[in-house]
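Q: I would like to learn how to read a few features in a model like this one. Can we take them one by one?

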Amino acid sequence: AIEVIYECLGPVPFSKKKAPKEEDEEAAEEEKVKEAKTSVTVLADGTYATQTALTTDAEEVITTDDDPVLRKMLLSGNYLLGASVVSSLLKIILKTAERLGKDNMKIKEQTVKFLITCCSMIQAGQNAPSASRMDRDSYERISFCIRAILDPEVEAEIHDVLLKDCRSVLADLLEEQKEFEKAHSANGEEGEQMIQPDSILSFRQLKSRRGLGATDVDLDDEGDLNKAKGLDETQGLSEHLAHVHQLTGFSDPVYAEAQVSVHDFDIVLNILVINRTPNTLTNLAVELATMGDLKLVEKPQSFTIGAMGHRRFKANIKVSSTETGQIFGTIVYDSANSVDTTYVNLNEIHVDIMDYIKPASCSDAVFRSMWAEFEWENKVAVDTAISDVNDFLQHIVESTNMKCLTPVSALGGDCNFLAANLYAKSVFGEDALVNVSVEKVLDKVEGYIRIRAKTQGIALSLGDRITLKQRNKDSTPVAAH
């Protein structure tokens, strides 16, 4: 196995310096390197400045079309793969040393070859162009492998970690991924609706009204109507009552409340108006206005309410993006005992972003791709009374109605720092990405929460939601409207 890896890496060194020149040419080359390029630039405040740059030639990288794929990937800048290869070589050498002994000549030869490969990889990474230069993490990992094979004390401390613990962690990760895929496939099979090849496709719009009786309704009609009204069969009475908002006070002559039903692009206000006076109110109208990406479809009509009577009506509002908004207005009416028109101000209805965000899942590669693509970012500093990093993450997940993409096994254990990715998708097809990076310092959670989205509205609204809900865990996250 170790010979196959060396064969895929190819010969060392991975980079070489240019051929030596004669003394006069070397002097000329040094003068050329020392030549500075000077240019004039304009600063942000409008003033002029002179900038000087020294340029040198980087070492050549030996690569041809006949090179193995592993060598091409390594020299193209994928040094994370190189660090993984070095770690694998180290484990193979340690396992072989257990069986043959550390004083075996073959083990010593493999150790020397391993050290030469590591040094060549570090040299190629540090001398590469800036675009493909070795990152700090890969450099430290390769340097640690070199120290582990040279220092017997370090090797004794990490021996069981490398050969036993790493394998068990990988096995647990693969088992968790297997269970995750199995659960998702089971949910997908349950959610699929089986339709036979010879089933009839029914189109309501093409049916003749004469052919439909009073009781002839398609099987899906009732579900479609409930869906259009924003009704959910899983919601109980308490959840429906939580969406009822008091618009006026109990001491006002006219009492009004509204039940808010949110369905995708529509907000339906089912408004109840009660006349609490012994007089008849004429020309009563509820004048509504919106703030944000909300648009009132039609203005409610005026009507007359008798003494101690009530009236129900609906108002439709269109939503164009995932963004918080507000609905406010007044009740205007005339009384039979008064000449003046009376105005009653209504309490604001807050349309929350949580009504349009649903938990979703995506792969790590897709998450990283969207994170690099999206340009709007909102960075929120952590300011909370929660003292445990895992409790804080769970609180953020519940408050934002998002899904944690980081596996549970990666978040377990007693640790003072945590990093996790959250993902959600809006009903408008917009993606919301959140990265939580926190640590526990002196019984206090500190860090930052970074939000990225394709549009500015969802990034700002999510930031406001997190800022409002992150302070106290006891504040139950109820979706306000």
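Q: Is Ile92 buried, partly exposed or exposed?
A: The model is predicted. To read burial, compare the relative accessible area with the cut-offs: under 20% is buried and over 50% is exposed. Ile92 has a relative accessible area of 26%, so Ile92 is partly exposed.

Q: Where does Ile92 sit, and which residues does Ile92 touch?
A: Ile92 is placed in helix α4, residues 79–100. Leaving out residues up to four places away in sequence, the contacts of Ile92 are Ala1, Ile2 and Ile5. Take a C-alpha distance as well: Ile92 and Gln110 are 18 residues apart along the chain, and their C-alpha atoms are separated by 10.0 Å.

Q: How do the axes of α1 and α5 cross?
A: Read the distance, then the angle. The axes of α1 (residues 2–9) and α5 (residues 105–127) come within 13 Å and cross at roughly 30°. Angles under 35 degrees count as roughly parallel. Therefore α1 is roughly parallel to α5. The crossing of α1 and α5 is left-handed.

Q: Which residues of α1 and α5 meet?
A: From α1 come Ile2, Glu3, Tyr6 and Leu9. From α5 come Gln110, Lys113, Phe114 and Thr117. By class, this contact of α1 with α5 has four nonpolar, two polar and two charged residues.

Q: Which residues does Leu90 touch?
A: Not counting residues up to four places away in sequence, Leu90 touches Phe114, Cys145, Ala148, Ile149 and Leu162.

Q: Is Ser120 buried or exposed?
A: Use the cut-off again: buried means under 20% relative accessible area. Ser120 has a relative accessible area of 8%, so Ser120 is buried. Ser120 lies in helix α5. Not counting residues up to four places away in sequence, Ser120 touches Val12, Pro13 and Phe14.

Notes:
Residues numbered from 1 in each chain as written. Predicted model: local features only at pLDDT ≥ 70, side-chain atom pairs only at ≥ 80, totals over all residues. Heavy atoms only, no water. Helix = DSSP H or I, 4+ residues; strand = E, 2+ residues; numbered from the N terminus. Buried < 20%, exposed > 50% of the residue type's maximum accessible area, 1.4 Å probe, protein only. Contact = heavy atoms within 4.5 Å. Axes fitted to C-alpha atoms, helices over the stretch in contact; angles between N-to-C directions. Parallel < 35°, antiparallel > 145°, perpendicular 65-115°, else oblique. Left-handed = near helix turned anticlockwise from the far one by under 90°. Nonpolar A, V, L, I, M, F, W, Y, C, P; charged D, E, K, R; others polar.
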